[in-house]
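Here is a short briefing for a first look. Please view the sequence and the model together before reading on.

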Amino acid sequence: MAHDNRYVDKDYKVVGSRYTRPDGIDKVTGKARYGADASAPGGLVGRVLRSPHPHAKILKIDTAKAEKLQGVKAIITCTDLPDLTNGDQGMAHILENCMARGRALYDGHAVAAVAAVDEQIAAKALKLIDVKYKKLPHVTDVDDAMRPDAPVLHENMFTRGVEPTPTAPSNISARTQMGYGDVDAGFAEADVIVERSYKTEQTHQGYIEPHACLASVNPDGTAELWVTTQGHFSFRNVCATLLGLDMAKLKVTSSEIGGGFGGKTHVWAEPVALALSRKANRPVKLVMSREEVFRASGPTSSTSIDIKMGAKKDGTITAAVAEMRYQGGAFPGTWAMLGCMTAFACYDIRNNRSIGWDVVVNRPKVAAYRAPSAPMAAFAVESTIDVIAKEIGQSPIDVRLKNVAREGTQAPYGPTYGPIGIENTLEAVKSHPHMRAKLKKNQGRGVACGFWFNIGGQTCVDLNIGVDGTVNLNVGTVDVGGARSSMAMIAAEELGIAYDDVKVSIGDTASLGHNDTTEGSRGTFSSGMATIFAARDAIGVLKQRAASMWGIPLEDVEWQGGQAIATGDMHSNLPALTLKEIAAKAGRTGGPIAGHNEIVADGAGMGFASHICDVEVDPETGRSQVVRYTVVQDAGKAINPDYVEGQFQGAAAQGIGWALNEEYIYGDDGRLQNAGFLDYRIPVCSDMPFIDTQILEVPNPNHPYGIRGVGETSIVPPLGAVGNAIADATGVRMTHAPMSPPRVLSALDARDAG
Amino acid sequence: MSKATLVSTFVNGDAVQFACPTEESLMTALRDRVGLTGVKEGCGTGDCGACSVTLDGQLVCSCLVLGVEADGREVETVEGMAQQGQLHPLQEQFIEHAALQCGICTPGFLVAAKALLERNPNPDETEIRYALAGNLCRCTGYDKIVRAVQAAAKQMRSRR
Amino acid sequence: MRYEKPTSAKKAADLLAQEKGAAFLLAGGTDLLVKLKMGMVEPDLVIDIKHIANANEIQITPKGFRVGAAVPGARLAEHTALKKAWPGVVEAANLIGSDQIQGRCTLAGNLCNASPAADSVPAMIAAGAKAVIVGAKKRRTLAVEKIALGPGQTCLEKDELIESITLPKPAPRTGDAYLRFIPRTEMDIAVVGVAVCVTLARGRIKSARVALGAVAPTAMLVPAAARAIVGTRLEDDALEKLARACSAACSPIDDKRGTIEYRTRLAGVLAKRVAKIAFARAGG
């Protein structure tokens with residue numbers, strides 16, 4: 001049955017309130033089970049041997065001694081994972097990334113794996129595997145990798161998107177260009193032109209739970225995988241393909257997830273665990289250590305970005321060009337392309353152009369990190385706008401308002417915006433009390449904006465009504481932020497029943513149709529939409545049952561406030577039938593009552609935010625402290641404001657860490673030097689102030705409740721906000737993130753010298 | 001593998017015996033031998049606090065304690081916080097204030113916050129933040145966690 | 001891996017003497033267990049010192065204080081008399097890691113791990129702390145600054161362990177303080193650490209000890225820095241001389257935690273700040 005996804009303004013009874021989440025009790029009592037919290041009888045411990053070289057040919061892997069060790073049950077290399085990808089290059093890269101095939105492409109690249117009866121024996125076995133490497137020259141910097149003399153990673157990489165196609169391979173996988181208008185004419189009109197170059201270092205999503213799974217493959221081709229993941233259906237599809245299993249026979253159950261932020265949308269250890277289990281014929285538990293997570297999962301790109309912007313004295317930006325270089329790790333990605341799409345998305349710039357270069361280097365294969373590619377581009381653009389503002393003597397907020405994107409503006413990547421909230425967030429920032437708070441000595445204030453698309457995607461839910469009238473809702477999108485509560489609220493809202501009467505679970509892959517990964521801020525948007533439609537389906541059935549119980553025509557039955565009402569003069573003496581009453585009689589009126597929905601949720605709204613950051617800079621050490629922070633973001637419709645605020649605050653904190661101290665440090669030897677939480681410095685509790693939030697609601701016209709995705713947008717503004725605040729405090733413009741103390745002190749010295 | 005050593009200890013008030021290799025951490029022993037998976041390995045090197053327990057009342061990272069060191073001592077984990085079906089005020093306030101999202105860091109925070117409030121029933125914001133600096137959270141930005149601890153402290157003070 | 005928990009320092013020393021394989025002492029374990037986890041050490045024997053008599057005690061003696069080798073940082077913070085006498089030593093020890101680390105880490109362990117960046121060591125040096133060492137055949141006492149020989153290396157013999165750290169009774173009008181620089185607010189290894197201890201007479205600095213951490217292969221006493229402020233009331237130019245002397249004494253490395261230039265610069269910056277605190281504590 002087709003459903004209408006258009007937004008309808010209404011009064012909500014459940015949605016918009018602050019209900020406590022159903023998974024809360026298990027999480028505060030330690031009962032909740034995450035990836036490493038499962039075990040199986042006869043289970044083995046899986047461990048991975050990793051390359052210590054950033055780039056090397058693998059000449060030989062000798063596992064003989066390790067095989068003889070008592071307690072070792074299986075050892076695998078790439079020969080145990082034959083290439084079944086059938087020409088699908090993306091899959092082939094995933095396969096090679098999970099287990100090296102004749103060459104190691106980064107420090108940490110998996111080259112072999114063992115399954116043994118315990119941890120100590122597995123560790124010992126790894127030491128007994130003898131790998132002969134031939135070291136090759138390596139490159140880890142994105143700009144260095146583009147030079148003609150750079151060591152080439154893939155002999156079959158010929159840059160796409162350039163004319164003519166190069167005849168020699170390079171590390172540049174693609175060039176992208178987008179935008180519209182005439183930038184030369186735009187610069188000619190400008191009164192001021194600013195050109196700046198920026199660099200951002202590589203960061204990691206930093207989820208506290210390492211990758212972990214329990215894999216069990218049976219000789220008959222059936223298998224089970226318990227795994228911490230953002231997308232168990234996607235994992236099923238990829239693992240089944242790589243291992244040559246039928247998808248329906250691989251049952252993947254998602255554990256509770258201990259953070260993902262995009263980093264658990266891809267497989268690394270899982271195909272390896274399955275291959276070990278298949279070979280050993282026993283379940284295998286494979287948990288990555290923290291060091292392995294940093295070295296060998298999927299961090300973000302590091303970037304190098306040039307911005308040129310021109311503006312008139314009245315504040316109009318007449319032209320803007322971004323040229324951006326993103327590294328995707330050892331395998332090609334579309335990260336620069338994404339950067340191009342977002343760089344100028346907050347603004348209506350009549351002449352704009354973005355050029356993106358996607359580059360490979362000897363680093364781990366990059367994965368998405370919350371609004372992937374946007375924070376780096378925003379650092380460059382938001383910083384440059386402030387420089388422009390200073391040059392023409394206008395306030396940073398007013399320059400942004402002067403050029404703000406609105407409904408009807410064409411996005412740099414093509415489509416025209418519907419109703420969007422960026423102007424609302426800027427106005428809210430402008431009038432926010434934070435802007436009027438007095439700054440103390442050595443303190444400065446910065447403002448910045450951010451954007452993220454949000455996606456829809458394939459979604460499937462089942463809603464079943466029990467004979468006592470309580471409801472089971474089975475959804476397929478992994479709950480990363482409290483969506484179980486939001487789904488229960490939406491189902492309760494639609495059915496007209498109490499929040500506590502709905503129990504939400506995340507179904508395994510055997511119990512639902514395909515659901516896309518929880519990413520792109522799609523969880524609440526898509527599963528929410530599917531829940532609404534499944535509930536409306538169920539209401540259709542409830543009405544039919546009521547009609548049959550009363551013996552009246554279906555068209556005389558309405559559903560209101562959780563009850564079937566008989567309408568019309570002829571039936572006015574019939575008392576309403578509650579959902580509970582109808583459910584109790586279901587067995588005699590036609591059987592179990594359910595609603596079901598499979599959709600490709602379409603029409604995801606854009607999420608915009610503006611942030612205010614106050615920073616205090618110690619002029620003698622260059623150390624910055626964020627002393628106050630405010631997030632204003634458009635949520636479309638906040639189903640549960642607690643969880644929306646939580647997304648704003650968490651994303652902002654990640655952005656602040658990225659802005660101040662987080663970076664991958666590679667030595668000249670191409671090895672990662674800070675693969676742990678000691679020296680990869682995420683914000684700790686004492687680093688942060690309270691993060692004030694303001695939720696705006698500009699309804700998304702393509703969702704019945706107006707929902708926009710909220711999870712990602714607020715990681716985008718902080719780099720610019722912090723950079724602008726430091727500039728306000730010190731007069732120095734930082735162009736290299738993270739803006740760590742030595743970099744800031746260096747910049748202060750340059751200011752004092754020059 | 002080292003020969004396993006028998007350890008006799010008290011966990012959350014119950015007498016418990018387990019055998020573990022000498023090189024095994026208390027964190028691993030609690031998870032794999034005693035079956036209490038509330039302690040989490042976020043890093044294994046004392047940098048994240050997700051494995052926090054108290055040992056004879058002292059807050060520690062269980063990944064930095066050998067399992068054999070627990071012999072004759074008292075270990076308290078998150079599983080011991082709720083008493084007879086009644087949640088500890090910290091647990092209640094964490095839920096009430098939405099101080100958890102993915103929840104992986106939550107057991108560690110609860111144990112650490114409980115240790116804080118037992119030695120300082122009226123901490124200010126700065127004291128709370130520094131006392132919890134050894135517990136990493138990546139989801140919340142710490143805002144609602146600090147508010148939950150403040151609320152629990154207030155609730156606990158009013159009960160005295 | 002064998003695990004022993006001897007009840008006397010002599011018994012521990014004997015175990016060390018007799019061990020043919022790799023023997024390690026376990027106090028708080030906040031360094032040892034990290035090395036174990038990272039595969040950096042493979043002990044044949046671990047000797048837990050926490051069951052040694054008096055290892056867990058802080059004793060007030062006629063000469064000052066005796067801190068048993070197993071006393072964790074958290075207990076130092078609770079000892080009112082020690083905090084009053086040597087606030088710099090206690091605050092330095094309390095900067096090591098998180099509250100969880102504080103539940104376990106010890107002065108002796110921090111010293112014997114011999115990281116150049118150890119937080120408690122500069123403060124102990126500045127305060128004139130000594131290490132009481134027990135071997136299978138002899139006992140000796142050494143000034144703390146003599147213990148570390150280089151990163152990860154101490155002068156202790158194979159059969160020796162530290163039984164306690166002693167601190168003198170501070171002379172009247174003495175104040176000590178420690179500051180370190182880290183990029184975050186907590187949880188980082190010191191990029192630079194500076195400790196200063198001053199004793200005043202008639203408002204002027206009569207004697208001083210200045211120690212630096214994380215800027216050389218070991219924490220070190222810097223006599224030239226002390227000379228820069230002795231006889232002064234810590235005026236601006238005395239502070240400048242102090243800063244320059246500290247920077248001049250630095251021979252740090254470039255690593256992921258700091259460059260040579262940055263560390264050298266910050267040694268001077270911190271020296272000025274911490275000297276002022278010590279001076280104020282001394283009553284200046």
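This is a predicted model: local features need pLDDT of at least 70, side-chain atom pairs count only at pLDDT 80 or more; totals for chains, interfaces and linings use all residues.

Residues are numbered from 1 along each chain as its sequence is written, chains are lettered from A and ligands numbered from 1 in the order in which they are written, and side-chain values use heavy atoms, with hydrogens and water left out.

**Two domains in chain A**

- Chain A is divided into domain 1 (24–32 + 456–601) and domain 2 (35–136 + 213–296). Such bounds come from an automatic or database domain assignment.
- The centres of domain 1 and domain 2 of chain A, taken over C-alpha atoms, lie 39 Å apart.
- In the contact (heavy atoms within 4.5 Å), domain 1 of chain A takes part with 19 residues and domain 2 of chain A with 17 residues.
- The two domains of chain A bury about 1400 Å² between them, with 57% of it on carbon and sulfur atoms. Buried area is the accessible area (1.4 Å probe) that two parts lose on being put together, summed over both.
- Val478(A), Thr509(A) and Thr517(A) supply 40% of the area that domain 1 of chain A buries against domain 2 of chain A, more than any other three residues.
- Three salt bridges are counted between domain 1 and domain 2 of chain A. A salt bridge puts a side-chain nitrogen of Lys or Arg within 4 Å of a carboxyl oxygen of Asp or Glu.
- Lys27(A) and Glu256(A) meet through their side chains in a salt bridge (3.4 Å, N to O).
- Eight residue pairs are in polar contact between domain 1 and domain 2 of chain A (both at pLDDT 80 or more). A polar contact is a pair of N or O atoms within 3.5 Å; within protein, one must be able to donate a hydrogen and the other to accept it, and residues adjacent in sequence count only if both atoms are side-chain atoms.

**Chain B against chain A**

- Here 45 residues of chain B are in contact with 51 residues of chain A.
- Chain B and chain A bury about 4000 Å² between them, and carbon and sulfur atoms carry 59% of it.
- Four salt bridges are counted between chain B and chain A.
- Asp37(A) and Arg31(B) form a salt bridge with their side chains (2.8 Å, N to O).
- Across the interface of chain B and chain A, 22 residue pairs are in polar contact (both at pLDDT 80 or more).

**Chain C against chain B**

- This contact takes 26 residues from chain C and 31 residues from chain B.
- The area buried between chain C and chain B is about 2200 Å², with 59% from carbon and sulfur atoms.
- Met1(C), Asp99(C) and Gln100(C) supply 30% of the area that chain C buries against chain B, more than any other three residues.
- Five salt bridges are counted between chain C and chain B.
- The side chains of Asp71(B) and Lys5(C) pair in a salt bridge (3.7 Å, N to O).
- Eight residue pairs are in polar contact between chain C and chain B (both at pLDDT 80 or more).

**Asp23(A)**

- Asp23(A) sits in the segment before helix 1 (24–29) of chain A. Helices (H or I, at least four residues) and strands (E, at least two) are DSSP runs, numbered from the N terminus.
- Asp23(A) counts as buried, at 5% relative accessibility. Buried means under 20% relative accessible area, exposed over 50%, and partly exposed in between (1.4 Å probe, protein chains only).
- The side chain of Asp23(A) makes polar contacts with the side chain of Lys27(A) (2.8 Å) and with the side chain of Arg484(A) (3.2 Å).
- Not counting residues up to four places away in sequence, Asp23(A) touches Glu256(A), Asp479(A) and Arg484(A).

**Val111(A)**

- Val111(A) lies in strand 5 (residues 110–116) of chain A.
- Val111(A) is buried, with a relative accessible area of 0%.
- Not counting residues up to four places away in sequence, Val111(A) touches residues including Leu49(A), Ile58(A), Met99(A) and Tyr133(A).
- The C-alpha atoms of Val111(A) and Cys98(A) are separated by 8.6 Å, and the two residues are 13 residues apart along the chain.
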